[in-house]
Amino acid sequence: MIRHQILFILLLLITISCKEQNETKKQTETKKEKTMNNDEPRVTGVGGIFFKTENPEKTKEWYQKNLGLNTDKWGTNFEWYQGSDATKKGFTQWSPFTKETTHFEPSTKEFMINYRVVHLEKLLAKLKENGVTILDSIEEFEYGKFVHIMDNEGNKIELWEPNDVEYEKLVEGRTK
């Protein structure tokens, strides 16, 4: 009798636990779907890493020789497939710049990060509402739209709404 009661309680606890896990999983999937399918302007990934170095050519050679990066005149592009659509390619640019570059100004930092975004115009409006320093207006190219902002620490940030199909046509150095 006691064994049956213990077994019944164990089965009841397992059933409750499974239901809770399924409910948590459904809520997580629903949150993911909302994030993936909505029109909220946001960052979707890292589009590029740019940093200052004493000698960009030697730096590219070192990374090619020692870490296997396939470099070109700009650095390299890490090629990957987008999680929301595994048939679409995406790219993250890696580029060393000279110490003397003015490309990162007005930031005094040794690096600049480029973020991939969706709905750049909407995001820019949101940033203006929030008092974020916007450094320029949107520039549009075949391979995407760009604008620069400053974060709260004085880092210059490049926002890029990419057109990966057109960008891929320009890519020479690829690291897969």
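The chain exposes about 12100 Å² of surface, and carbon and sulfur atoms supply 55% of that area. Keep in mind as you explore that this is a predicted model. Of its 176 residues, 31% count as buried.

**Overall build**
- You can find 4 helices and 9 strands in the chain.

**Salt bridges: Arg-174 and Glu-79**
- The count of salt bridges comes to 10.
- One of them pairs Arg-174 with Glu-79, with 2.6 Å between the closest N and O atoms.
- This pair links distant parts of the chain, since Arg-174 sits in strand β9 (residues 174-175) and Glu-79 in strand β2 (residues 76-82), 95 residues apart.
- Glu-79 has a relative accessible area of 11%, so it is buried, while Arg-174, at 21%, is partly exposed.

**Salt bridges: Glu-168 and its partners**
- Glu-168 forms a salt bridge with Lys-89, and their closest N and O atoms are 2.7 Å apart.
- Here too, distant parts of the chain are linked: Glu-168 belongs to helix α4 (residues 164-170) and Lys-89 to strand β3 (residues 85-98), 79 residues apart.
- Glu-168 is partly exposed at 24% relative accessibility, and Lys-89 is partly exposed at 23%.
- Glu-168 also meets Arg-174 in a salt bridge, at 3.3 Å from N to O.

**Putting it together**
- Salt bridges link Glu-79, Lys-89, Glu-168, Arg-174 and Lys-176 in a network.

How values were computed. Residues are numbered from 1 along each chain as its sequence is written. This is a predicted model: local features need pLDDT of at least 70, side-chain atom pairs count only at pLDDT 80 or more; totals for chains, interfaces and linings use all residues. Side-chain values use heavy atoms; hydrogens and water are left out. Helices (H or I, at least four residues) and strands (E, at least two) are DSSP runs, numbered from the N terminus. Buried means under 20% relative accessible area, exposed over 50%, partly exposed in between (1.4 Å probe, protein chains only). Accessible areas come from the Shrake-Rupley method with a 1.4 Å probe; for residues, only the protein chains shown count as cover. A salt bridge is a side-chain nitrogen of Lys or Arg within 4 Å of a carboxyl oxygen of Asp or Glu.
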